[in-house]
Amino acid sequence: MIPAIDLDALRTGAPDALDAMREAATNVGFASVHNTALSAARIGEVIETYRAFFKLPEAEKQSVNMARTGANRGWGAAGSEQVDPDANPDYKQFFDSGLTLPQGDPRREMAVYGPNCWPVKPADFEQIISAYYDDAGAVAMDVLRGVAQAIGAPRDAFDSAFDAPMALLRGNYYPARPAWAGVRDFGIGTHTDYGCLTLLATDGSPGLEVRKRGGGWIPLSAAPGTFVINFGEMMEVWTDRRVRATPHRVVGTLNERISVPLFFNPSYDTNVAPVGSGDTVLAGAHLAKRFAQTYKHLQTKD
């Protein structure tokens, strides 16, 4: 069962909410979260903004095609990402944006802080998506504080690691499952997320499936205004496997689907090795390695 969590109750330390988050973090790996500062109408606006972009002719999206810019910001065409090496490239489109560091910050040269590539159309795309990026990050931080408290750490245990978060906001467009699709074809193949915490908004359409611990799959959907959260590989390492990263996938259905994950990750130089281990695992190095394994345009051909 996927726990359902009232974020306002989690912020105030309500025992039921903390118990639900503890179950989500240490066992299931997923939860739904409601009663946040982001309304259904706000999420709907963001989803329709992405939809308007994805529906543009391909020629109009080429100017922000990350395969041409060599970055991990901008548009990714269908087949440009492959999260499961045993499956075919994912048949979704996506658009990535992230943190803009101030001029003069040397980290601007790092790929994980690359410059955003905004499209000309829709005209209000940058304004709407940038504002949502900031506000979704605040919600994700509230969730993360609840996770910390639920696993017995101070509520602010993770706060100092997010001064320049490598948070990546993505709009995903999954078309109706193609007629040609076979057993190796997915909107996104089976994977665990790479980072810390994912805050996912969707248009309510089905398609997401979560792997059960004992085998099999749990379908999971959420209407705009309710979020799906899950934890990534970085969080599992950082908490010495106390928090679990759970495999999931999007198979695709007869209907198109739009989802908007915020991959909420700490600053590049955060050591995400287990506390007290004496090891060093830089958050940025981990993400850069995983991006190189996933984005087709970053892979070197022999």
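This report covers the sheet, salt bridges, cysteines and aromatic contacts of one structure. The model is predicted.

**The sheet**

Four strands make up an open sheet. Their order is β6-β11-β8-β9, and the pairing is antiparallel. Two of these strands sit at the edges: β6, residues 188–191, and β9, residues 217–219. Each edge strand pairs on one side only. From one strand to the next, the twist averages 20°.

Inside the order, β8 and β11 deserve a look. Strand β8 spans residues 208–211 and strand β11 spans residues 248–250. The two run antiparallel and are joined by 3 bridges. Which residue in β11 stands opposite V210? It is H248.

**Salt bridges**

The structure has 19 salt bridges. Side chains of opposite charge can pair when their charged atoms come close.

| Salt bridge | Closest N and O atoms |
|---|---|
| R22 with D19 | 2.8 Å |
| R51 with E256 | 2.6 Å |
| D142 with R145 | 3.5 Å |

Take R22 and D19. Both lie in helix α2, which covers residues 15–28. They are 3 residues apart there, so about one helical turn separates them. R22 is partly exposed, at 30% relative accessible area. D19 is also partly exposed, with a relative accessibility of 42%.

The pair D142 and R145 belongs to helix α6, residues 125–150. These two are likewise 3 residues apart, which means a separation of about one helical turn. Are D142 and R145 buried or partly exposed? D142 is buried, with a relative accessible area of 17%. R145 is partly exposed, at 25%. The pair is also part of a network: salt bridges that share partners join D8, R11, D142, R145 and D159.

R51 and E256 form a salt bridge too, with their closest N and O atoms 2.6 Å apart. R51 lies in helix α3, residues 40–54. E256 lies in the loop between β11 and β12, the latter being residues 257–264. The pair therefore ties together parts that are 205 residues apart in sequence. R51 is buried, with a relative accessible area of 17%. E256 is partly exposed, at 24%.

**Cysteines**

How many disulfides are there? The count is 0. C117 is buried, at 17% relative accessible area. C196 is buried as well, with a relative accessible area of 1%.

**Aromatic rings**

A search of the whole structure gives 12 aromatic pairs. One aromatic cluster is formed by Y50, F53, F54, F95, W118, F125 and Y173.

Two arginines lie over ring faces. R107 lies over the face of Y113, at 5.9 Å from the ring centre. R170 lies over the face of F94, and its distance from the ring centre is 3.9 Å.

**In brief**

Among the 19 salt bridges, R51 with E256 links helix α3 to the loop between β11 and β12. Seven residues, including W118 and Y173, form one aromatic cluster.

Terms used:
Residues numbered from 1 in each chain as written. Predicted model: local features only at pLDDT ≥ 70, side-chain atom pairs only at ≥ 80, totals over all residues. Heavy atoms only, no water. Pairing = 2+ DSSP bridges. Axes fitted to C-alpha atoms, helices over the stretch in contact; angles between N-to-C directions. Salt bridge = Lys/Arg side-chain N within 4 Å of Asp/Glu carboxyl O. Buried < 20%, exposed > 50% of the residue type's maximum accessible area, 1.4 Å probe, protein only. Disulfide = S-S within 2.5 Å. Phe/Tyr/Trp six-rings, centres within 6.5 Å; stacked < 30°, edge-to-face > 60°. Lys NZ or Arg CZ within 6 Å of the ring centre and 35° of its normal.
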